[in-house]
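Please take a look at the sequence and the structure before reading on.

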Amino acid sequence: EVDQGGKEFWVAGVDAQFKLSDRVEIGATAVTDRNPTDRNQLLGVNASVKLSEKTVLTGELARSDQDSIGAGDAARVELKHDGAKLKASIYAGTTDEAFDNPGAWLSQGRTEAGFKAAYEIDQKTRLLAEGMHTEDRTIDGERDGLLLALERALNDHLRVEVGVRHARETLSGTQGNAQQTSFSASNEVDSLRLKVTVKPPTLPKATVFGEVEQDIRDGDKRILAVGAEYQIADRAKAYARHEFMS
């Protein structure tokens, strides 16, 4: 793949998926990197089960084994529902500090869990909810967040979203080389949020939005944001966003 100098070596892999039935699919992955300076091997299995016409459960297990850092495991599970009224997903994943896969959605020593849901109250009103927990064991840091919002379409071209958000994060560890010093930090935010989205009548594939978020306990904490999206094709869009953040 890349000429790094030294001896040549092989990199090889295989990926297979098998559909057991209309509702169940299983798969496996194996990769071997024979670099003589740091050999690496990755093995993984996955499964997907269609619980109903609108609900799918997916799971995955993986294990990496690298000469320089040893062996580590990872796991992921996700439940998705795409109904007419309710669209929701719930996920969780974790990796050991020795698990090393640059292509994974989780880096080493992390735990992630969360959910995202949108419920259509009527044709013009949606209830939105989002929550997450993330943990980095390499720096002993955690973050939790929860967002609740109500979105209302005032007409075919204008939508307004009003919501509240709570976020909390902690961090601790050591820094310095010759002389190690311990540190810890924490931050907590409770804020009100307003978002206005406009779909220009002359550009049906484009949307423009503005957001403002204000902490309810600290008047100096706020975010102002503007942005736009353009639907290039059914599965592709271009977007831009700029934030003014205190």
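What follows covers strand pairing and then salt bridges.

Please keep in mind that this is a predicted model.

**Neighbouring strands**

Let's begin with strand 6, which spans residues 86-95 and pairs with strand 5 (residues 70-82) in the antiparallel sense over 9 bridges. Glycine 93 is a handy landmark here: in strand 6 it stands opposite arginine 76, while its bridge partner in strand 7 is glutamate 112.

**Salt bridges**

How many salt bridges does the structure hold? There are 21.

| Pair | N to O distance |
|---|---|
| arginine 39 and aspartate 67 | 3.1 Å |
| arginine 63 and aspartate 73 | 2.7 Å |
| arginine 168 and aspartate 144 | 2.5 Å |

The salt bridge between arginine 63 and aspartate 73 links strand 4 to strand 5, with the partners 10 residues apart. Arginine 63 counts as partly exposed because its relative accessible area is 41%, and aspartate 73 is partly exposed at 33% relative accessibility.

Arginine 168 and aspartate 144 form a salt bridge that connects strand 10 (residues 158-175) with strand 9 (residues 141-153), 24 residues apart. Arginine 168 is partly exposed, at 29% relative accessibility.

Finally, there is a network of salt bridges to find in the view: it links Glu161, Arg193, Lys195, Glu211, Arg241 and Glu243.

Definitions and conventions
Residues are numbered from 1 along each chain as its sequence is written. This is a predicted model: local features need pLDDT of at least 70, side-chain atom pairs count only at pLDDT 80 or more; totals for chains, interfaces and linings use all residues. Side-chain values use heavy atoms; hydrogens and water are left out. Two strands pair if DSSP finds at least two bridges between them. Helices (H or I, at least four residues) and strands (E, at least two) are DSSP runs, numbered from the N terminus. A salt bridge is a side-chain nitrogen of Lys or Arg within 4 Å of a carboxyl oxygen of Asp or Glu. Buried means under 20% relative accessible area, exposed over 50%, partly exposed in between (1.4 Å probe, protein chains only).
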